[in-house]
Amino acid sequence: MKPVIVVHGGAGRIFKEREEGCRAGVVRAALRGYRVLRQGGAAVDAVEEAVRSMEDDPHFNAGCGSVLNEKGEVEMDAIIMDGKNLDSGAVSAVKCIANPVKLARLVMEKTKHMLLTDHGAHLFAQTMGIPEVPGEKLITERSRERWKKNLEPDSNPEEFQKDLGTVGAVAIDSEGNVACATSTGGLSNKLIGRVGDTACIGSGGYADNHSGAASTTGHGESIMKVVLARLILYHMEQGMSPEIAADTALDYMKTRVGGLGGVIVVNKAGEWAARFSTKQMSWATVEDDNLHYGIYAGEKHTKSVDEALASEREGLLE
């Protein structure tokens, strides 16, 4: 099986001045994840590596760069799932951790549970030796400004939710195993303790070797109502291609509950798709040593992996 990785940096509206950074961020994440696969690594390791790369990138609403809740704090959700045995780990409402996806992976591998939240997740992180970072280290100036703006009496937080950047990755490795991972800071000015789709198995992500893997982004409450990731895999089990399955599920979410979003998908044959019903979604994929990436509908740039790696080293990524 030829390995494939697909990543997304969130569906919504990406302001012009942020496009370059978002493109570079998803490309970097896809290349890092693919490096794991090219060396014979497992899909679950590749998606974790890709998502960690984007959690460390302030362009995205995950890890460093997460939006703030109503109290002005960062609360993050993450999930990871291994399609080989349906093992999954997730965390929700976690604070003071640079890479929530790493903690989700530890929940999957070191506990008998699937989801730890808030204080319990914090205690588990301490037990596992995950270093704490000061909360303010995760807060960018952009997130703070948005939070302040949303506190104004005439503000419209809904308008600002369109410019979000949940991150995710799906992959299939040379053994034919699939995996997914998703991470987010959630909604700007959300209620304390709000948990969205990302940490919920079947909504924020799902992976099953029998069908494929999906990672979602968009309006979390809408995604949860239709269990979007699992719905896409169901459509693929009925014989749909990843692209048609993704479009069908996104269309259903839009017509049934009025929700917009995006998804990345890979099926058990290694066919992939990156689809969205929002204005934009940053995405990138590597297959057959070729990198593809874009932000707008119909946009698809292609480079060889070697060319892309050289560009990244020289800081020339467009």
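This report describes selected strands, helices and residue contacts of a predicted model.

## Basis of the description

The model is predicted, with local features requiring pLDDT of at least 70 and side-chain atom pairs counting only at pLDDT 80 or more, whereas totals for chains, interfaces and linings use all residues. Residues are numbered from 1 along each chain as its sequence is written, and side-chain values use heavy atoms, with hydrogens and water left out.

Helices (H or I, at least four residues) and strands (E, at least two) are DSSP runs, numbered from the N terminus. Two strands pair if DSSP finds at least two bridges between them.

Strands β7, β8, β9 and β10 form an open sheet in the order β7-β8-β9-β10, with antiparallel pairing. Because β7 (205-208) and β10 (272-276) each have a single partner strand, they stand at the edges, and one side of each is left without a neighbour in the sheet. On average, neighbouring strands of this sheet are turned by 10 degrees against each other, direction ignored. Axes here are lines fitted to C-alpha atoms, for helices over the stretch in contact, and angles run from 0 to 180 degrees between N-to-C directions. Strands β8 (residues 212-218) and β9 (residues 261-267) run antiparallel and are joined by seven bridges; Ser215 has Ile264 in β9 as its bridge partner.

Helix α8 (residues 228-237) packs on the sheet and touches β7, β8 and β9, its direction making about 140 degrees with that of β8. Seven of the ten residues of α8 are buried (buried means under 20% relative accessible area, exposed over 50% and partly exposed in between, with a 1.4 Å probe and protein chains only). These are Leu228, Ala229, Leu231, Ile232, Leu233, His235 and Met236. Their cover includes β7, β8, β9, α7 (220-226) and α9 (242-257), where contact means heavy atoms within 4.5 Å. Just after α8, Gly239 takes a positive phi of about 105 degrees.

Strand β1 (residues 4-12) runs antiparallel to β5 and is joined to it by five bridges, with Val6 opposite Val170. Six bridges join β5 to β6, again in antiparallel fashion, and here Val167 stands opposite Ser183. The hairpin of β5 and β6 has five residues between the strands, and its Gly176 takes a positive phi near 90 degrees.

Thr166 is placed in the loop between α6 (157-160) and β5. UniProt, in an unreviewed entry, lists Thr166 under "active site"; UniProt positions are given in the numbering used here, feature names are shortened, and annotations may be inferred rather than shown by experiment. The residue is buried, with a relative accessible area of 9%. Beyond its neighbours within four places in sequence, Thr166 is in contact with residues including His8, Asn61, Thr182, Thr198 and Thr216.

Asn177 is found in the loop between β5 (167-172) and β6 (178-184). At 15% relative accessibility, Asn177 counts as buried. Leaving aside neighbours within four places in sequence, its contacts are Ala43, Lys84, Ala171, Ile172 and Asn209. The side chains of Asn177 and Asn209 are joined by a polar contact of 2.7 Å (a pair of N or O atoms within 3.5 Å; within protein, one must be able to donate a hydrogen and the other to accept it, and residues adjacent in sequence count only if both atoms are side-chain atoms).

## The aromatic pair

The structure holds one aromatic pair. Trp272 and Trp283 form this tilted pair, with 5.6 Å centre to centre and 40 degrees between the planes. Rings of Phe, Tyr and Trp (its six-membered ring) pair if their centres lie within 6.5 Å; planes under 30 degrees apart count as stacked, over 60 as edge-to-face and the rest as tilted. Since Trp272 lies in β10 and Trp283 in β11 (residues 280-287), the pair ties together parts that are eleven residues apart in sequence. Trp272 counts as buried at 19% relative accessibility, and Trp283 is buried with a relative accessible area of 5%.
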